Amino acid sequence: MSKLAKYIIGTAVTAIVLFLVWYFSNVVAYILIAAVLAIIGKPLTDFLAGLHIGKTKMPQWMAALITLLTIWIVIVGLFFLFVPILFEKASELSTMNLPQIINSFREPLSAVEQFVEKTLALREDQFNIMESITNQINPLDKVVGFLNRLLSSIVSVVSNTLIAAFSISFITFFFLKESNLFYDMVIVMFPKKYEENISRALNSTTQLLIRYFTGIVAESSIMTVIVSVGLLIWGFGIQNALIIGLFVGILNVIPYIGPIIGIAIGLFIGLVGVSPDVSFLSVALKIAGTILFAQGIDNFVLQPVLYSNRAKAHPLEIFLVILIAGSIAGIWGMLLAIPSYNVIRVFAKEFFNNFRVVQKLTQKI
């Protein structure tokens, strides 16, 4: 067979594989999610499999099942913790006196407005913070109606969610039970002569992802504790403090914009339902200040300690990768940018290390 014919056949096979991946994208997504859950649960599975029940070693299937149940208990627990609180706050939002909230911010905002007008030599009719804020907040009156419409549409996706949950659980169980199963699924898709390269790349990828996800869990947990304790010190109720802390901890895994979203949701949860006698500005400053303090600890203490080996790349390099991933796939792209980039670099180093750009990008892994 000529070299040209081999290239044509190889291109055709690649095109067919890519088409099948696109056509069965839901199944591929289930497999990838299950693989990630298996990587997260692998340390627990290995620990349980090393335990002994009397003189008998715990079976691998039992260790895998306990790990899977633990993962779902955490997921379901967080769901039932967050969702009722959000709906409760949405209901309270309909009873809020929005003009009163705006008026509570009028004095400090007027000072800012006067400063900007004086600094930039603007006329009063050219810059009015209160009018702008009022125009933006007024549409919040329609939030409750939107939530009611959202609730009515939830029923239509329940069946798909149950199918996805069952499929992911089933696949994850076998990935945990047979640690080499995912490896074999990937290796079998490549020619035998590349088997050693693929196996080596998968081993490196697994180690990188385990470090990444364990670091993520540790960081989120510590951030949750810091924010929750800080708000309790300020006198917030334990429910609000814990919920705000959990939101901040979880959203903190989204690079750059996660902390901003965390502050916004924290302010929403903290301000909704506050007594009219309490200064909204004071509550907002306490919440924002606590979260920013926690972010300072995260940026200068947690990340250097927990993530010194997470990305193994230049900060500018990571920023550009996250920016590109965000423009392609939004929040999900930003969330998956770093682990995906590490996987791509590992395989590039294994198969394309003769290129200078690959050597430069992979020299730290």
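Start by selecting residues 238-251, which form helix 10. Helices here are DSSP runs of H or I with at least four residues, strands are runs of E with at least two, and both are numbered from the N terminus. Helix 10 has 14 residues, and from its first C-alpha to its last it reaches 20 Å, close to the 20 Å expected at 1.5 Å a residue. That expected span is 1.5 Å times one less than the number of residues.

A quick word on what you're looking at: this is a predicted model, where local features need pLDDT of at least 70 and side-chain atom pairs count only at pLDDT 80 or more, while totals for chains, interfaces and linings use all residues. Residues are numbered from 1 along each chain as its sequence is written, and side-chain values use heavy atoms, with hydrogens and water left out.

**Zoom out for a moment**

Show the whole chain: there are 14 helices and 2 strands. How many of the 365 residues count as buried, as a percentage? It's 34%. Buried means under 20% relative accessible area, exposed means over 50%, and partly exposed is in between (1.4 Å probe, protein chains only).

The chain exposes about 22,500 Å², with carbon and sulfur atoms supplying 70% of it. Accessible areas like this come from the Shrake-Rupley method with a 1.4 Å probe, and for residues only the protein chains shown count as cover.

Now think about contacts, meaning heavy atoms within 4.5 Å. Take the contacts between residues at least 6 apart in sequence: 65% of them join residues at least 24 apart.

**Back to helix 10**

Is helix 10 mostly covered or mostly open? Mostly covered: 10 of its 14 residues are buried. Colour some of them, including Asn240, Ile243, Phe247 and Leu251.

Next, select residues 257-271, which make up helix 11. Among the buried residues of helix 11 are Gly258, Pro259, Gly262 and Gly266.

Look at helices 10 and 11 together. They pack at an angle of about 165°, with their axes 8 Å apart. Axes are lines fitted to C-alpha atoms, for helices over the stretch in contact, and angles run from 0 to 180 degrees between N-to-C directions. Helix 10 and helix 11 are therefore roughly antiparallel. For these labels, under 35 degrees is roughly parallel, over 145 roughly antiparallel, 65 to 115 roughly perpendicular, and the rest oblique.

Helix 10 passes helix 11 in a right-handed crossing. A crossing is right-handed if the near helix is turned clockwise from the far one by less than a right angle, and left-handed if anticlockwise. Show side chains to see who meets whom: on the helix 10 side, look for residues including Ile244 and Val248, and on the helix 11 side, residues including Ile261, Ile265 and Ile269.

Select residues 195-233 for helix 9. Its axis and that of helix 10 come within 7 Å and cross at roughly 150°. That makes helix 9 roughly antiparallel to helix 10. The crossing of helix 9 and helix 10 is right-handed.

Click on Thr224, which is found in helix 9. Thr224 counts as buried because its relative accessibility is 11%. What does Thr224 touch, not counting residues up to four places away in sequence? The list is Gly245, Leu246 and Gly249.

Residues 25-49 are helix 2, which packs against helix 9 at an angle of about 75°, with their axes 9 Å apart. That makes helix 2 roughly perpendicular to helix 9. The contact is made by Val36, Ile39, Ile40 and Lys42 of helix 2 and Leu209, Ile210 and Phe213 of helix 9.

- Val188 is in the loop between helix 8 (181-187) and helix 9. At 64% relative accessibility, Val188 counts as exposed.
- Leu323 is in helix 13 (residues 315-351). Leu323 counts as exposed too, at 51% relative accessibility.
- Phe174 is in helix 7 (residues 143-177), and is partly exposed at 29%. Use the distance tool on Phe174 and Leu65: they are 109 residues apart in sequence and 9.3 Å apart in space, C-alpha to C-alpha.
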